[in-house]
Amino acid sequence: MHIQDSHWSSASAIASGGTVGAAAGGNGRGPGDGSRTAPLRVDAQRNLEHVLRAAREVFGELGYGAPMEDVARRARVGVGTVYRRFPSKDVLVRRIAEEETSRLTDQARTALGQEDEPWSALSRFLRTSVASGAGRLLPPQILRVGVAEDGPAAGEARVPQQRSQLGAELRLVEQRSTTEDVVDDAGATALLDVVGRLVDRARAAGELRADVTVADVLLVIATAAPSLPDAAQQAAASARLLDILLEGLRSRPA
């Protein structure tokens, strides 16, 4: 998955807010009326839903580097319609990534709350999240794996430090880079925390390899859902790949 990070956080206020610009054809807002959100017309709301659905599909298949024209074509609207709702691609990307991060967090909490057995909870979360395809749309910063400060990638942007085997609190580690702070928003932190609890429980029960981290689990989610033209083939391939990856995560008797 590829995306330019440079304007990610600058798009957050627009992406998490209400209406961006005026809906095509009416019900707009004046330039000084930023405190109010105009209701969308039925056709404008429908266009927004088409754009968001198309963006999830296009970015899920091609990565966040896919152009806005591809999103518009999939949504069967003009590219101007997309830009009226999302004034830049960064804004649209942020909207999609935040929604999918929230979806994954809900799935992880459900697994924690409904499965008493640690491995069952972790595998349920992985199977549910892979089936939903949300992992392909995670913000790329969440998928960066932490490295030692003297490692070859020590100068890269902020990365999540994984929970240690002693169950230390998850925190975000400042590397030497001055890149924009795009990882530690509330949604990403909530996801990392709840997945960390799933990992801790499975590891403490001796069912998860000791070297498996939160980043590893998220990478499984992001890579275990291949995009194939036939839906049945895609489901079968995803299930087979996930079975193999789950076996790789499990601890083995000494």
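A nonpolar core is a set of buried Ala, Val, Leu, Ile, Met, Phe, Trp, Tyr and Cys residues joined through side-chain atoms within 4.5 Å. Buried means under 20% relative accessible area, exposed over 50%, partly exposed in between (1.4 Å probe, protein chains only). The model is predicted: local features need pLDDT of at least 70, side-chain atom pairs count only at pLDDT 80 or more, and totals for chains, interfaces and linings use all residues. Residues are numbered from 1 along each chain as its sequence is written, and side-chain values use heavy atoms, without hydrogens and water.

**Exercise 1.** Find which residues of the largest nonpolar core touch the most other members.

*Solution.*
- Take the 33 residues of this core: Phe125, Leu126, Val195, Val217 and Leu218 touch the most other members.
- Next, assign helices (DSSP runs of H or I, at least four residues, numbered from the N terminus). α5, α6 (118-132), α7 (186-204), α8 (214-223) and α9 (231-249) each supply at least two residues of the core.
- The largest share, eight residues, comes from α7.

**Exercise 2.** List what Leu126 contacts, leaving aside neighbours within four places in sequence.

*Solution.*
- Contact means heavy atoms within 4.5 Å.
- Leu126 then meets Val217, Val220, Ile221, Leu242, Leu246 and Leu249.
- Another core, of 22 residues, lies apart; Leu52, Ala55, Ala72 and Leu137 are among them.

**Exercise 3.** Check the span of helix α2.

*Solution.*
- The expected span is 1.5 Å times one less than the number of residues.
- For the 21 residues of α2 (residues 42-62), that should give 30 Å.
- The end C-alpha atoms are 30 Å apart, so the two agree.
- After α2 comes Gly63, with a positive phi near 90 degrees.
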